[in-house]
Amino acid sequence: MAEEITPEQAQEIVSMLTQGGAMESINTSLALGLLPLVESIGDYELLNKLVEHASVVAKDDVEKGWARFEILKRNQGSIDDVAELAYNAESIENGEALAAAVLHHHALMLLSIDEIDGAQTSVRRSLTLREKLEDKEGIIFGLAVLSRCARANEDWETAIIHDTRRLELAVNNQNDLLQMEAMADVAHAQASLGELATASEMYQESLDLAKSMEDPAGHLVASWGLADLAEIETRFDDALLLLSDTMHLFMQLGIETPELLKKRLRALTNLEK
């Protein structure tokens, strides 16, 4: 929701729900739901108050668990603390969604320190719960983590299997953003296996979606991959054109152009001279 409204609207909504003692009537679910809006306007003092309030007014173990999860995420809770919360959540009645989310986060923490086997164990358990809940979007996110684990081991065939299922689910859910991301990941894995024609096709489809959504991150990822393929084939003009198009989108949206993109464009421009 925070991405669909202006900062002024976010400020108005947050003020209406939290000022003048209004926060006392907010339940745990609403308090946690407001966090992205509060974060979007940069009011971190209020954000911390909302997290604390969510914990205080939690009416059952599931709500206490969600509040505890937010506290751990926002205060750099340890891997062991997160693992303990996941273990406890699995034993709570109706705690499957909480356990799945915590296990997913645990997997990401392990992946960040290159504990690949442990990350795969946690995310597979998370996926089992999300399959049971029929949480399609959660399954897509879990498959993305499994893909990252496979990539860390340079197991490109397995990465493609996970990313292809992600793509199928994203298409079925009509989620263009997740479809765009999955296509780019399939393309990268195909390129790593030397399947350049397939990679080019998938990157182009990802880029087309990024353009239709005016998504600068997706535009950059896909155009960067296509530029890599162009450079492999010594099509430097094409690489320059692709990345210049991405820079223009950043400028059009009023977003600062990433330094790596500027550096690569300068290098390509020098090649043309």
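I take helices (H or I, at least four residues) and strands (E, at least two) as DSSP runs, numbered from the N terminus, and the expected span of a helix as 1.5 Å times one less than its number of residues. This is a predicted model, in which local features need pLDDT of at least 70 and side-chain atom pairs count only at pLDDT 80 or more, while totals for chains, interfaces and linings use all residues. Residues are numbered from 1 along each chain as its sequence is written, and side-chain values use heavy atoms, with hydrogens and water left out.

**Entry 1: the chain as a whole**

The C-alpha trace spans about 65 × 40 × 35 Å along its principal axes. Of the 273 residues, 42% count as buried, where buried means under 20% relative accessible area, exposed over 50%, and partly exposed in between, with a 1.4 Å probe and protein chains only. I also noted how far apart in sequence the contacts reach, taking a contact as heavy atoms within 4.5 Å: among contacts with a separation of 6 or more, 53% come from residues 24 or more positions apart.

**Entry 2: helix α10**

I then turned to helix α10, residues 176-192, which has 17 residues and reaches 24 Å from its first C-alpha to its last, close to the 24 Å expected at 1.5 Å a residue. At its N-terminal end I found N175 as the cap, with a side-chain oxygen 3.2 Å from the backbone nitrogen of L177; for a polar contact I require a pair of N or O atoms within 3.5 Å, where within protein one must be able to donate a hydrogen and the other to accept it, and residues adjacent in sequence count only if both atoms are side-chain atoms. Just after α10, G194 takes a positive phi of about 85°.

Which residues of α10 are buried? I listed L178, Q179, M180, A182, M183, A184, V186, A187, A189 and Q190, and their cover includes α8 (136-152), α9 (156-172), α11 (196-213) and α12 (216-232).

Two of these residues I followed individually. M180 has a relative accessible area of 3% and is therefore buried; not counting residues up to four places away in sequence, M180 touches S206, L209, A210, M213, D215 and G218. The C-alpha atoms of M180 and A222 are 42 residues apart along the chain and are separated by 8.8 Å.

**Entry 3: the α2 and α3 pair**

I checked the packing of helix α2 (residues 28-40) against helix α3 (residues 44-57), and noted an angle of about 165° with axes 9 Å apart, the axes being lines fitted to C-alpha atoms, for helices over the stretch in contact, and the angles running from 0 to 180 degrees between N-to-C directions. That angle makes α2 roughly antiparallel to α3, because angles over 145 degrees count as roughly antiparallel, under 35 as roughly parallel, 65 to 115 as roughly perpendicular and the rest as oblique. The contact is made by T28, A31, L32, L34, L35, V38 and E39 of α2, together with Y44, L46, L47, L50, V51, H53, A54 and V57 of α3.

**Entry 4: two further buried residues**

A230 has its place in helix α12 and counts as buried, at 0% relative accessibility. Leaving aside neighbours within four places in sequence, I found A230 in contact with R235, D238 and A239, and the C-alpha atoms of A230 and L242, 12 residues apart along the chain, are separated by 9.5 Å.

S15 is found in helix α1, residues 7-18, and is buried with a relative accessible area of 18%. A polar atom of the side chain of S15 lies 2.8 Å from the backbone oxygen of Q11.

**Entry 5: positive phi in loops**

Most residues other than glycine have a negative phi, so I looked at the exceptions. D114, in the loop between α6 (96-112) and α7 (116-133), has phi near 65°, and D114 is exposed, with a relative accessible area of 62%. E154 lies in the loop between α8 and α9; its phi is near 55°, a positive value in a residue other than glycine, and E154 counts as exposed at 60% relative accessibility.
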